Amino acid sequence: MVRQEVLERSMAEGEYISFDDVLVKPGYSELAPTEPDVSGRFSRSIRLKMPVVSAAMDTVTEERMAKEMALFGAIGVLHRNLTAERQAEMVRSVRRSGNIVFDPVVVEEDMAVDEIYEKATRLGFQTFPVVRKGRLVGLITGRGLRLAKLSGRGRTAGDIMEKDLVTVPPGTPMEEALDRMHSHRVKKLLVVEGEKLVGLITLKDYEKRLRFPDATRDEEGRLKVAAAVGILPNDRKRVELLCRAGVNALVVDSSHGHSSAVIKTVKVLKREFDIEVVAGNVTDGDGAVALAEAGADGIKVGIGPGSACTTRQVTGAGMPQLSAVYLARKGLEKEGLEVPVIADGGIKGSGDIVKAMVAGADSVMVGSLLAATDAAPGEEVIYGGRKYKSYRGMASPSALGSRAGYGRAPEGVEGLVPYAGRVHEVLALLKGGMKSGFAHVGAGNLKELREKAVLIRASSIKEGQSLPVVMDRKPSKGYNV
Ligand code: XMP
């Protein structure tokens with residue numbers, strides 16, 4: 001059971017608080033700062049070695065971010081400000097990656113080299129199995145394709161494909177596959193069942209598996225991904241396409257989750273589709289319990305804490321985030337509901353993640369910190385000699401587009417965030433900070449953190465940031481994670 005006196009007492013006095021109002025009281029530890037296991041959960045069945053979720057925003061999560069998040073042991077939620085078809089295509093692209101490429105993109109034997117080259121540029125890869133009437137007949141490699149394009153030799157796929165195919169049956173252990181690559185001196189194997197092509201194993205994917213042992217994968221080795229949906233019945237087609245594409249969880253994405261429309265949507269999804277459903281956003285126990293009782297497998301908490309949010313100014317509604325997370329967790333515990341809580345919005349660094357987890361979160365959703373990285377969609381912008389990336393609230397005027405106007409007031413803003421470099425570097429810094437935070441109270445994992453950590457009121461939180469530094473050079477990284 002979570003119990004934090006500082007939150008209980010402040011709320012008894014009608015005062016609700018957030019990250020900057022508290023600190024975690026340091027305590028005795030036998031752990032080195034790199035030792036703790038910080039893993040958490042996104043939903044009932046989706047465990048995360050890195051309990052961070054990239055926000056369902058069009059400046060944060062598209063396929064590239066979703067893949068990088070899953071590789072790191074986190075997970076991405078694909079935004080829904082695009083057609084259902086395109087969103088489902090992104091799901092398929094993430095689900096295709098893993099130990100092996102499932103359901104690889106193929107080309108017909110008579111397809112023109114120029115057309116294949118254009119396809120390769122668009123998709124970002126250059127290996128294509130070649131088929132004739134659905135039967136596997138060859139393989140186009142990056143080297144073969146580039147040589148054909150540059151030399152102008154060879155007109156169609158059939159002219160430039162390799163015909164000596166090295167194949168393995170489905171379920172071949174990776175070590176055996178590696179042996180086969182070695183003995184045939186190839187970097188790619190085709191996974192074939194009878195005459196049917198079912199997958200492609202590449203040396204690069206094998207290397208990735210070794211480099212990312214914590215990745216968020218299913219039993220078959222595919223990376224996991226979630227996707228945002230609106231309420232039903234409006235978004236039924238989107239739900240169907242996403243499920244068909246193999247999405248691992250749907251996130252019912254609403255700024256007011258404690259509402260009849262969201263509760264009904266969760267019920268229908270759980271009744272009619274075999275899929276994990278995360279829903280939100282709520283700010284208290286009643287909201288969390290209502291969604292959990294409707295069948296939600298994860299509850300998202302937070303109204304207005306986000307860095308690009310103006311909901312509180314526009315509507316007057318909201319709840320300081322730490323109290324909200326605590327109330328949601330307590331409400332669920334009181335009813336004996338074992339459903340993960342995701343703290344969504346307002347995370348400025350690893351310290352806030354630790355505080356959210358002490359207050360009852362199983363994972364956190366992050367927008368601006370990730371929008372600042374290379375894997376976020378959107379261009380890098382140079383402004384005043386520094387690099388930035390754009391970031392906008394999903395209810396900002398530009399993201400709402402034609403939906404803005406009468407009756408729909410924007411509740412978000414847009415702007416630039418200082419470029420922070422590679423997403424895995426940012427995630428590694430966050431993870432290191434979290435581990436160190438757990439170690440400061442002697443907690444080896446989330447369960448111990450909840451038992452041991454005590455939040456204290458901290459009106460002097462700024463005293464640790466007062467070094468009067470005069471910069472004689474520009475910092476190499478914009479972000480202070
Ligand atoms: P951070 O602080 O990580 O927050 O940038 C990301 C979260 O902000 C929420 N979000 C919005 N909230 N108006 C809002 O009031 C908006 O336009 C908006 N867009 C995103 C969302 O919960 C996200 O995960």
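Let me start with the two domains, whose centres, taken over C-alpha atoms, are separated by 37 Å, and the contact between them, meaning heavy atoms within 4.5 Å, takes four residues from domain 1 and seven residues from domain 2. This is a predicted model, in which local features need pLDDT of at least 70 and side-chain atom pairs count only at pLDDT 80 or more, while totals for chains, interfaces and linings use all residues. Residues are numbered from 1 along each chain as its sequence is written, and side-chain values use heavy atoms, with hydrogens and water left out.

The domain bounds, which come from an automatic or database domain assignment, are 5-97 + 223-457 for domain 1 and 100-211 for domain 2. Between them the domains bury about 410 Å², 54% of it on carbon and sulfur atoms, where buried area is the accessible area (1.4 Å probe) that two parts lose on being put together, summed over both. On the side of domain 1, Leu71, Arg96 and Ser97 lose the most area to domain 2, together 86% of what that side buries.

A backbone N or O atom of Glu411 lies 2.6 Å from a ligand nitrogen atom, whereas ligand oxygen atoms are found 2.7 Å from a polar side-chain atom of Ser307 and 3.0 Å from a polar backbone atom of Ser368. Taken alone, the ligand exposes 520 Å², of which the protein buries 89%, with accessible areas from the Shrake-Rupley method and a 1.4 Å probe.

Note on methods: Polar contact = N/O pair within 3.5 Å; in protein donor to acceptor, adjacent residues only side chain to side chain.
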